[in-house]
Each structure stands twice: as structure tokens, then as C-alpha cells.
Amino acid sequence: MALGHLKPMGVLGGMGPLATQVFYGIVIENTAAFRDQDHVNMIIVSHATLPDRTEALLSGDTEQLYSELREDCIFLEESGACCIAVPCNTSHYFVDRLQSQVGVPIINMIRETVKDIAAAKGSGARAGILATDGTVQLGLYQAEMEKEGIVPVTLSCENQKRAMEIIYNGVKAGRDVDVAEFADIEKELLGKGCDCAVLGCTELSCFMKTCGSSPGFYFDALKTLAVKAIAAAGGRLR
């Protein structure tokens, strides 16, 4: 049965544009479809000129960013979206506040990813957090992990800096990334006894497509978001 009668999924993207493109691809790859009409309908807002999320949060100057995110969510709802997916981890600092402003569900990527980790690894598992300085310093993943009995593990200052280099000077800048830099990060996580790690920045999700590191070790928040969004929009999972 075709899905043309179903309301579209709303995507608040552009943070960054490549991550939004990759998210769209993951949605397509994970939808059980044999023709165009079997895919979910989507409305994508690629708001690339939004203020940098980490910069805004760490400076405390958040109101412009919040205001623009709120306008985008309202636009998606008024455009007929049945749910809203936000393929940016750091901006999830605002998700609960944004949810109070719209009547359609905003899928909480961080919360859903941590639930997946808990279901797969169980209480007491140690999970590394690979994310921006903003996401890490504000404890967005740590708070959700602690609710589920997962032990959050953050990187050393040196490797957190490496992660930020990969995110900003690599993926966001459209430059190649030295895989050896990521190998040092992975070595630290394994050395700290991590049972798994979360790709808690969508740029790292993009990078991992070419990195080829330890299969089964990483939980990709962007994929979790895509899978939850497909289901929320009435699609069939592959």
C-alpha cells in the first residue's frame, strides 16, 4: 500500500548540511520500499545559517538560536508535518522547550539512542561519548545515560580536542580527515573499558561512513533518529 495519504515527516536540518543529506540517505536506506510511493513523505528545512550551537550554548547567548529553532518547528507543524526530526545532537539542549511550543512530537535523538544502548548492553554498561564540546559540557548524554543506568565515559582533553578537529576542521569544512586521529580516540575508549560508544555528533556519523572502525562498537544517533522518524511517519522499516 502506498503511503501518499500519510502526513510528511518534518526535518529541521542544516546543522550541518552534510549531516542532513546523510540523514535523508539513512531514512531511504532503512525504509522497506519497492517503488517511490512506498517511501515516507518529508519536508526538509535546511537552515544552514543558524548560529553555531556549541558556540551559543557555551557562551550562554542562546535566545537567537532558540527563537530561530522555534520558528522552524512551528513552520514544519503548520506545513503539515506529523513529527519533527532534528539531525543535530547539540541542539537537543532545546528539544523539551521546543516541544512545549508545537503540537506534533519532536523525536528526542539523544533519549532514544540511550534507550537503544540500554536495551542492547544492559544496566551498568560503560558507554563512551563522542560529541561536541557543547553536548559534552552540558551533559546531554550523561543525564540520559544515568537515567538508564549506563555509565557515561568522556574523552580526555586531548582527545576531545581531536574530536572537535574532526567535526569542525574536517567534516564541516569539507576536508579529508586523518583516520589515525580517530584511532587515538578509539584506543582511549577501549582503554577505559567502554562496552560501546555513541556517535553523538552528526558530523561523526558522516565521518564513520568512511572510517571503518570497530563494527558493533558504535551506536549511531543519526541512524537511531532515522529509524524512529520512519516509524513515526508511518513508514515500514527495512
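My entries on what I looked up follow.

**Ground rules.** I'm working from a predicted model, where local features need pLDDT of at least 70, side-chain atom pairs count only at pLDDT 80 or more, and totals for chains, interfaces and linings use all residues. Residues are numbered from 1 along each chain as its sequence is written, and side-chain values use heavy atoms, with hydrogens and water left out.

**Overall.** I get 11 helices and seven strands for the protein; helices (H or I, at least four residues) and strands (E, at least two) are DSSP runs, numbered from the N terminus. The radius of gyration is 17 Å, close to the 18 Å from the globule rule for 238 residues, so the protein is as compact as a globular protein of that length. For the record, that radius is taken over C-alpha atoms, and the rule is 2.2 Å times the number of residues to the power 0.38. The C-alpha trace spans about 50 × 40 × 35 Å along its principal axes. Buried residues come to 52% of the 238; buried means under 20% relative accessible area, exposed over 50%, partly exposed in between (1.4 Å probe, protein chains only).

**Cavity.** Rolling a probe the size of a water molecule over the atoms shows where empty space is left. Points are joined across faces, edges and corners, and a volume is the space filled by probe spheres set on them.

The whole structure gives one cavity of 30 Å³ or more. The largest cavity has a volume of about 80 Å³. Its lining has 13 residues, with C88, T90, T132, K172 and E203 nearest the centre. Helices α2 (53–59) and α10 (202–211) each supply at least two of the lining residues. By class, I count four nonpolar, five polar and four charged (Ala, Val, Leu, Ile, Met, Phe, Trp, Tyr, Cys and Pro are nonpolar, Asp, Glu, Lys and Arg charged, the others, Gly among them, polar).

The largest pocket has a volume of about 160 Å³. Its lining includes H92, Y93, D96, N108 and R111. Helix α7 (140–147) is one of the elements giving two or more residues, α5 (109–121) the other, and α7 gives the most, with three. The lining splits into five nonpolar, three polar and three charged.

**Cysteines.** How many disulfides does the structure hold? I find zero, taking a disulfide as a pair of cysteine sulfur atoms within 2.5 Å. The sulfur of C83 is 3.9 Å from its closest cysteine sulfur, in C82, which is too far for a bond. C83 counts as buried, at 1% relative accessibility. C157 is in no disulfide either, its nearest cysteine sulfur being that of C194, 16 Å away. C157 is exposed, with a relative accessible area of 72%.

Note on methods. 1 Å grid on protein atoms, 1.4 Å probe; cavity = no way out; pocket = protein on both sides within 12 Å on 5 of 7 lines; lining within 4 Å.
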